[in-house]
Amino acid sequence: LSSPVKTLGAGYALLGNGNNDVLVLVGNGTATGSARLSKGFTWAKNAAHLVGICAPSMISQRARIAPFTGAAQAAFANFFTVSGNGCLFSNVSWFHGFTAGIAAAICLTVSGQRNAFINCDIEGMGDTTSATSASSRNVKLTGGENYFGHCNIGLDTIARTGANASVEFANGTPRNIFENCTFVFLSGDGATLGILGTGAACMDRFQLFRNCTFINAIKSTATAMAVFASLTSASPGGLLAYHDCLLVGITAFGDTNGLANSYSYGAVNSTANSKAANPA
C-alpha cells in the first residue's frame, strides 16, 4: 500500500513490472477530478493495472484521464500508449481533445498483448482539427489478443469528417475481441469509418465483434455513414467476424475489401437484422 499521490505519473512510478500491482484512479464526480497530461503517456510495465473508482457509467466515467485545458496547452498527437503486456484497465475514461487541436491524433495505441479494457470509455477526436483529419483514430491496435468488454469507443459531440477511423488494425495484429461495446459517431460527411485496416497483412487470424452496437447520430445532425469497415488491401491477412451486431445510421458493414473479408452471424449486410430500421 502507498499514500495517495497527485498525478498519474507519480502513481505509475510506484508500480512494479510484472508484479500485478494495482493503481487506483479516484474520480470526484466531475471533470475537475481528471488526471491531467501535458504530453503523451506510455504504460510500458507488464501486469500493471489501473482501476477507476467512480460510478461505472460506461460513457464519460469520471475516473478520467485528459489533457490540461486552455489555450496554453499545446496539442500532442499520441495521447496514451499501452506497450506493456497483460495489463487490466477497468472503469477508466480517456478524453483526447484540445482548445487548438492537432491532426493525426490517436487517443489510445495498444502495441502490447493480452491487455484487457473493461467498462472503459475511449473518446478521441475531441476537437475540430483532429476530428477532420483522415489520420486520426480513437484506438490503434498493433499488438494482439487484447480484449475490450463493455466499453464505449468514440464520442458524438464533435462532427467527424474524412475517412478517420474509430479503430485501426495494423502490423498483423491478431485475435482482438470487442464484446458488448458501443461505438458512437457524429459523421459530418458520411465518410467516417468505424474500422480501418491499413495495408496487406494488417491483421492476422480474426478480429471479433460480439454483441456490439455502432450508432451514428443521424437524428442529431449526423450524415449517414457509407460504410463501417474499410480495408486498404484485398489481402488483409485475417478476417472481421461479427456476432449479433447492429448498425444505426450506417449504410453497409464494409467497402469491397471490407465485405470480402467479413463474416457475420445474426448481422447480414443490407438486411433488417443488422441495420436498425424506423418502424414507421
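Is C212 buried or exposed? Select C212 and you'll find it buried, at 1% relative accessibility (buried means under 20% relative accessible area, exposed over 50%, partly exposed in between, with a 1.4 Å probe and protein chains only).

Some housekeeping: this is a predicted model, where local features need pLDDT of at least 70, side-chain atom pairs count only at pLDDT 80 or more, and totals for chains, interfaces and linings use all residues. Residues are numbered from 1 along each chain as its sequence is written, and side-chain values use heavy atoms, with hydrogens and water left out.

C212 is in no disulfide either: the nearest cysteine sulfur, that of C181, is 4.8 Å away. The disulfide count is zero by this rule.

Now move to the largest pocket. Select V5, T7, G11, L23 and V24, the lining residues nearest its centre, out of 28 in the lining. The space there comes to about 680 Å³. (A pocket is an open set of 1 Å grid points, over the protein atoms alone, where a 1.4 Å probe fits, with protein on both sides within 12 Å along at least five of seven lines; lining residues have an atom within 4 Å of a point.)

Last stop: colour strand 1 (21-26), which gives the most to this lining, six residues. Helix 1 (8-13) and strand 2 (35-37) each supply at least two (helices are DSSP runs of H or I, at least four residues, and strands runs of E, at least two, numbered from the N terminus).

Technical notes: Points joined across faces, edges and corners; volume = space filled by probe spheres on them. Disulfide = S-S within 2.5 Å.
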